[in-house]
Amino acid sequence: MTAADRVLAAPARYDFGRTVAVLRTGRHDPTTRLARGELWKASRTPDGPGTVHLSYRQPAVTATGYGPGAGWLLERADALAGLRDDPAGFLPLARQHPVVAVLADGMPGLRLARTERVFDELVRVVLAQKVTTIEATRSYAALVRRFGEPAPGPVPLLLPPAAETIAAAPYWMFHPLGIEQRRADTLRRLAAVADRLECTVHEPPDQARRLLMTRPGVGPWTAAEVAAVAYGDPDAVSVGDYHVPHQVAYALAGEQRGTDQRMLELLAPFGGHRARVIRLVVHAGVQEPRRAPRAALRSFARF
């Protein structure tokens, strides 16, 4: 089933590619396909499974929906494309720091995308806890292929795993996917209360983050990573991240190493928009000098 297209006006210098890049979990994400000026994303919605296609041709984004969830997805297509995000209040703050001003001027069209699918984002983020990005994206792709289903639409995508499927799965089904018992148990506990977690999209982002952190296995880092994408939270800061404190300290103060406390100090002048600064630093490719070899890749499936 195909829903009618929805045409969305895009602002001048809108940066579609950088805005929607956060919606894909690695290059081999079975739920998402991203190309130049195009995004295909499969989701489970309150109305059923659906796929949305966003096509950007200045000055507009055209959204097309497929499946029972098409209407729900089209109604929120502007949020998914970051077009509900308004960075106007950030620009005066950016001008107060020479590096942030340069980054903001260099990426004026970057917007914050918002999915409003909390459990889907929790799955992605929980799998990234305490492991490398490569390990996390491999496990996510394997999990979707094991528990997902074909998505509606003309592109061969898979739906994210249903919460009830994750909740009912025994641990031994996760282990071959490279997911040890700690993360598997966290996913299963969250899946059991997925309906309540989805309701947090109606709360202010700071309150929603606090509600997420009442759940075992969800700390400040996990809540912030989810909030940045599920809620489009412009102030989410991933305290506890392995790289981000160093990147922020290096970009904003020229310091080769950073701590969470130092990161928060440097981001304090940008209160309300701290996630924007982090997104600019990350998209600019700022990397602190390495002081040790890369972490070795592991396979929990072999343990």
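Helices (H or I, at least four residues) and strands (E, at least two) are DSSP runs, numbered from the N terminus. The model on display is predicted: local features need pLDDT of at least 70, side-chain atom pairs count only at pLDDT 80 or more, and totals for chains, interfaces and linings use all residues. Residues are numbered from 1 along each chain as its sequence is written, and side-chain values use heavy atoms, with hydrogens and water left out.

**First stop: aromatic rings**

Select Tyr14, Phe16 and Tyr56, which form one aromatic cluster. The structure holds 5 aromatic pairs; rings of Phe, Tyr and Trp (its six-membered ring) pair if their centres lie within 6.5 Å, and planes under 30 degrees apart count as stacked, over 60 as edge-to-face and the rest as tilted. The ring centres of Tyr14 and Phe16 are 6.3 Å apart and their planes stand at 70°, so this pair is edge-to-face. Are these two residues buried or exposed? Tyr14 is buried, with a relative accessible area of 5%, and Phe16 is buried at 3% (buried means under 20% relative accessible area, exposed over 50%, partly exposed in between, with a 1.4 Å probe and protein chains only).

**Second stop: charges over rings**

Next, select Trp72 and Arg117: the arginine lies over the face of the tryptophan, 5.2 Å from the ring centre. A charge sits over a ring if NZ of Lys or CZ of Arg is within 6 Å of the ring centre and within 35 degrees of the ring normal. Then select Phe147, whose face has Arg146 over it, at 5.2 Å from the ring centre.

The structure holds 1 cavity of 30 Å³ or more. On a 1 Å grid over the protein atoms alone, a cavity is a set of points where a 1.4 Å probe fits but cannot get out, and a pocket is an open set with protein on both sides within 12 Å along at least five of seven lines; lining residues have an atom within 4 Å of a point. The largest cavity has a volume of about 200 Å³. Which residues are closest to its centre? Of the 22 lining residues, these are Lys41, Ser43, Thr115, Arg117 and Glu121.

Finally, select Pro46, Arg117, Ala194, Asp195 and Glu198, which lie nearest the centre of the second largest pocket, among its 21 lining residues. Strand 3, helix 6, helix 8 (163–168), helix 9 (181–192) and helix 10 (194–198) each supply at least two residues of this lining. The largest share, 3 residues, comes from helix 10.

Technical notes
Grid points are joined across faces, edges and corners, and a volume is the space filled by probe spheres set on the points.
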